[in-house]
Amino acid sequence: QLRFVESGGGLVQPGESLRLSCVTSAFMIKYHDIAWFRQAPGKQREGVSCISSTSGRTTYSDSVKGRFTISRDLAANTVYLQMNSLKPEDTADYYCGVFPAGQVFSVCLTATADYVGWGQGTQVTVST
């Protein structure tokens with residue numbers, strides 16, 4: 001069963017940074033497109049960033065472009081999300097999931113209903 005474990009969240013002040021990690025022992029991430037997404041209370045799920053399985057190509061939502069960086073360590077079977085210049089509007093629970101094969105990578109950020117394998121998430125709170 002596909003399942004990730006997310007970690008690295010916390011309470012930070014605006015402008016600070018966090019690095020989230022997403023690890024699994026259930027499968028090899030190099031064979032899957034992986035997405036980071038977030039959900040804030042009362043809001044819809046939002047795709048934040050995706051990384052493709054084959055080329056490592058990345059994509060970002062407009063709300064985080066230039067501030068967040070997705071990366072992966074294939075040896076550690078881990079995907080990371082480096083979050084810089086955090087804003088209060090980044091406050092949410094963050095998850096990672098597999099973007100299923102058979103869909104074009106260009107829709108990864110918007111196909112949030114298709115993600116599978118996310119874990120319990122990690123909470124990020126940006127506040128003074």
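The dialogue below takes up the sheet and then the salt bridges of this predicted model.

Q: How do strands of a sheet pair in general, and in what order do the four strands of the open sheet stand here?
A: Strands of a sheet pair through backbone hydrogen bonds, in either a parallel or an antiparallel manner. In this model, four strands make up an open sheet, arranged as β1-β3-β8-β7 with antiparallel pairing.

Q: Which strands stand at the edges of this sheet?
A: The edge positions belong to β1 (5-7) and β7 (68-73). Each has a single partner strand, so one side of each is left without a neighbour in the sheet. On average, and with direction ignored, neighbouring strands of this sheet are turned by 15 degrees against each other.

Q: How many bridges join β3 to β8?
A: Strand β3 (residues 18-23) and strand β8 (residues 78-83) run antiparallel and are joined by six bridges.

Q: What criterion identifies a salt bridge, and how many does the model contain?
A: The criterion is a side-chain nitrogen of Lys or Arg within 4 Å of a carboxyl oxygen of Asp or Glu. Applied to this model, the rule gives four salt bridges.

Q: Which residues are linked in a network of salt bridges?
A: The network links Arg38, Glu46, Arg67 and Asp90. Within it, the side chain of Arg38 meets that of Glu46 at 2.8 Å, N to O. Arg38 also forms a salt bridge with Asp90, where the closest N and O atoms are 2.9 Å apart. Asp90 lies in the loop between β8 and β9 (92-99) while Arg38 belongs to strand β4 (residues 33-39), so this pair ties together parts that are 52 residues apart in sequence.

Q: Are Arg38 and Asp90 buried or exposed?
A: The cut-off for buried is under 20% relative accessible area. Arg38 therefore counts as buried, at 5% relative accessibility, and Asp90 likewise counts as buried, at 0%. Glu46 is partly exposed, with a relative accessible area of 26%.

Q: What is the N to O distance between Asp62 and Lys65, and are these residues buried or exposed?
A: The side chains of Asp62 and Lys65 meet in a salt bridge at 3.3 Å, N to O. A residue is exposed when its relative accessible area is over 50%. Asp62 counts as exposed at 68% relative accessibility, and Lys65 counts as exposed at 51%.

Key: Residues numbered from 1 in each chain as written. Predicted model: local features only at pLDDT ≥ 70, side-chain atom pairs only at ≥ 80, totals over all residues. Heavy atoms only, no water. Pairing = 2+ DSSP bridges. Helix = DSSP H or I, 4+ residues; strand = E, 2+ residues; numbered from the N terminus. Axes fitted to C-alpha atoms, helices over the stretch in contact; angles between N-to-C directions. Buried < 20%, exposed > 50% of the residue type's maximum accessible area, 1.4 Å probe, protein only.
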